[in-house]
Amino acid sequence: MNGLNQMRELISSFTRLREEEWQQFSKLLLQKSFPKGSYLCKEGQVEHYIFFLVKGATRNYFLKDGKEFTVDFQFEGDMVTAYYSFITRQPSMIAIQAVEDIEAILIPYQLLQDFYQEFHSGERIGRLIAEFHYKKRLEREMDLLSTTAEDRYRQLMDRNPELIRNTSVKHLSTYLGIQPESLSRIRKLYSGN
């Protein structure tokens, strides 16, 4: 399935678009590749896009006192953006970095605003994307408070085991909210050593 079809399927899970609406929306989308290590959005930059990941994975992180804190990972089929920056037009507090080579479809901010004005379903899509991001963030917060680091690690392994095995202990441990030594112990449990 090509990227536009994957994206249309995801949007269809939010709401049905008439063919005319999809054609109007999709003709203005951008497609772009990002090599591993590059940034989709840097801290301090205003976010101009919502990215649909056709291929690859990203991590969101921020810096505090010179230390990186990974707050999220996104994988193929996910939408990623520095959403607060995207909706407020303020500089982003997070960076989004490619942890694998990325193939993405970009929804430009202005396209979304124009689509909201032209089509009633556009506003519905925007609202549902916002609700999706809110739900994801709430689930993440609840997981941090109510599940063990082992459970959170297992959930990541279920989504993308190869990437998680190859992700640095530093990045994974901050995401899981544990010390690197604890992550090393968990990895040993899952590797059978």
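Apart from residues up to four places away in sequence, Met7 touches Phe25, Leu29, Phe52, Met79, Ile105 and Ile107, where contact means heavy atoms within 4.5 Å. This is a predicted model, in which local features need pLDDT of at least 70 and side-chain atom pairs count only at pLDDT 80 or more, while totals for chains, interfaces and linings use all residues. Residues are numbered from 1 along each chain as its sequence is written, and side-chain values use heavy atoms, with hydrogens and water left out.

Met7 also belongs to the largest nonpolar core, which has 25 residues and in which Met7, Ile11, Phe25, Met79 and Ile107 have the most contacts. A nonpolar core is a set of buried Ala, Val, Leu, Ile, Met, Phe, Trp, Tyr and Cys residues joined through side-chain atoms within 4.5 Å; buried means under 20% relative accessible area, exposed over 50%, and partly exposed in between, with a 1.4 Å probe and protein chains only. At least two residues of this core come from each of helix 1 (3-14), helix 2 (19-26), strand 3 (49-55), helix 3 (83-88), strand 8, helix 4 (109-118) and helix 5, and helix 4 gives the most, with 5 residues. Helices (H or I, at least four residues) and strands (E, at least two) are DSSP runs, numbered from the N terminus. A second, separate core of 16 residues includes Ala57, Leu172, Leu176 and Ile178.

## Helix 8

Helix 8 (residues 169-176) is mostly covered, with 6 of its 8 residues buried, namely His171, Leu172, Ser173, Thr174, Tyr175 and Leu176. These buried residues pack against strand 4 (58-64), strand 5 (67-74), helix 5 (120-146), helix 6 (149-159), helix 7 (161-166) and helix 9 (180-191). Just after helix 8, Gly177 takes a positive phi of about 75°.

## Leu106 in strand 8

Leu106 lies in strand 8 (residues 102-108) and counts as buried, at 4% relative accessibility. Leaving aside neighbours within four places in sequence, Leu106 is in contact with Leu29, Leu30, Lys32, Phe34, Tyr49, Ile50 and Phe51. Leu106 and Thr81, which are 25 residues apart in sequence, are 9.9 Å apart in space, C-alpha to C-alpha.

## Ser38 in a loop

Ser38 is found in the loop between strand 1 (30-34) and strand 2 (39-41), and Ser38 is buried, with a relative accessible area of 18%. The side chain of Ser38 reaches the backbone oxygen of Pro35 at 2.6 Å. Not counting residues up to four places away in sequence, Ser38 touches Ile96, Gln97 and Ala98.

Conventions. A polar contact is a pair of N or O atoms within 3.5 Å; within protein, one must be able to donate a hydrogen and the other to accept it, and residues adjacent in sequence count only if both atoms are side-chain atoms.
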